[in-house]
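Please look over the sequence and the structure before reading on.

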Amino acid sequence: MPVTDVAIDKIKDMIISGELAPGDRLPKEAELAQRLGLSRSSLREAVKALCLIRVLDVRQGDGTYVTSLEPNLLLDAMTFVVDFHRDDTVLDFLAVRRILEPAATALAALHMSDDDITELGALLGELEDSPTVEALVANDLQFHRKIADGSGNPVLCSLLDSLSGPTARARIWRGLTQEGAVAKTREQHTAIYEAIAAREPELARSWATVHVAGVEQWLRNALGTADDPTVPDPEAEPAAEAS
């Protein structure tokens, strides 16, 4: 195993074992290298790598610290990786979002506070009648991020947030090329909000599934890929089925 990987594993073990806790400062470089039986250069490379994935934080003139290790911080690195994927692999990320987002929406119907539901409804009225694509995408991201946060599960929220890179681009393409996208987005957002406000988790789940499936099916058509039988019909009406 490369010496840098060995160094990473040893620092990781110190954190997992509790020897280093979130917010703790690491021993000085020379002391830590000697304690772990590593060269200072390999230790330095390990620290750089762990900084990139937000496990460690080097503060100039102060030292190296373990970060908070909160899910949103650690999963932020995933967003960086996601943005490198090609346009055709966006479908894979949308498929994952189609699994996770309805679950988060159902949880939000159970756990979101009344005040947050009021704020979610206010977002619906913030768009102008003829919004720019940029405004539509920004409002869409904010709407879904608030729902994910309302799920009460910070890991689920962070995972969905990390998928927003490619899916945001898909929304932009959709807004630029698909007639009626703005009206359809408004209608589906309203249906999702009303289901959450009514504390109807399964209805909220159904509308969220239809909403994400619409983006996914549009992108399949745009890329000329075959239909996926696992993608629900985005034109389906879930309200009667779930009621």
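The model is predicted. Two helix pairs are described, H8 with H11 and H6 with H12. The largest pocket holds about 250 Å³ of space, and the structure has two cavities of 30 Å³ or more. Helix H8 returns in several places: it packs against H11, gives the most residues to the lining of the largest cavity, and supplies at least two residues to the lining of the second largest cavity.

**Helix pair H8 and H11**

- Helix H8 spans residues 133–150 and helix H11 spans residues 181–197; their axes come within 12 Å and cross at roughly 20°.
- Angles under 35 degrees count as roughly parallel, so H8 is roughly parallel to H11.
- The crossing of these two helices, H8 and H11, is left-handed.
- On the H8 side the contact is made by Leu136, Asp140, Phe143, His144 and Ile147. Their partners in H11 are Val182, Thr185, His189, Ile192, Tyr193 and Ile196.
- Sorted by class, the H8 contact with H11 comprises seven nonpolar, three polar and one charged residues.

**Helix pair H6 and H12**

- The axes of H6 and H12 lie 7 Å apart, and the packing angle is about 165°.
- Because angles over 145 degrees count as roughly antiparallel, H6 is roughly antiparallel to H12.
- H6 passes H12 in a crossing that is right-handed.
- The contact of H6 with H12 contains 17 nonpolar, three polar and six charged residues.

**Largest pocket**

- The space in the largest pocket amounts to about 250 Å³.
- Its lining consists of Arg25, Leu26, Pro27, Lys28, Glu29, Leu32, Leu43, Arg44, Val47, Val58, Gly63 and Thr64.
- Helix H2 (29–36), helix H3 (40–52) and strand E2 (63–66) are the elements that each give two or more residues to this lining.
- H3 provides the largest share of the pocket lining, with three residues.
- The pocket lining has six nonpolar, two polar and four charged residues.

**Largest cavity**

- At least two lining residues come from each of helix H6 (90–111), H8, helix H9 (154–162) and helix H10 (164–177).
- H8 contributes the most to this lining, four residues.
- The lining of the largest cavity splits into five nonpolar, three polar and five charged residues.

**Second largest cavity**

- The volume of the second largest cavity is about 90 Å³.
- Leu136, Val137, Asp140, Arg171, Arg174, Gly175, Ala181, Thr185, His211 and Val215 line the second largest cavity.
- H8, H10, H11 and helix H12 (201–223) each give at least two residues to this lining.
- By class, the lining of the second largest cavity has four nonpolar, three polar and three charged residues.

Definitions and conventions
Residues are numbered from 1 along each chain as its sequence is written. This is a predicted model: local features need pLDDT of at least 70, side-chain atom pairs count only at pLDDT 80 or more; totals for chains, interfaces and linings use all residues. Side-chain values use heavy atoms; hydrogens and water are left out. Axes are lines fitted to C-alpha atoms, for helices over the stretch in contact, and angles run from 0 to 180 degrees between N-to-C directions. Angles under 35 degrees count as roughly parallel, over 145 as roughly antiparallel, 65 to 115 as roughly perpendicular and the rest as oblique. A crossing is left-handed if the near helix is turned anticlockwise from the far one by less than a right angle, and right-handed if clockwise. Contact means heavy atoms within 4.5 Å. Ala, Val, Leu, Ile, Met, Phe, Trp, Tyr, Cys and Pro count as nonpolar, Asp, Glu, Lys and Arg as charged, and the others, Gly among them, as polar. On a 1 Å grid over the protein atoms alone, a cavity is a set of points where a 1.4 Å probe fits but cannot get out, and a pocket is an open set with protein on both sides within 12 Å along at least five of seven lines; lining residues have an atom within 4 Å of a point. Grid points are joined across faces, edges and corners, and a volume is the space filled by probe spheres set on the points.
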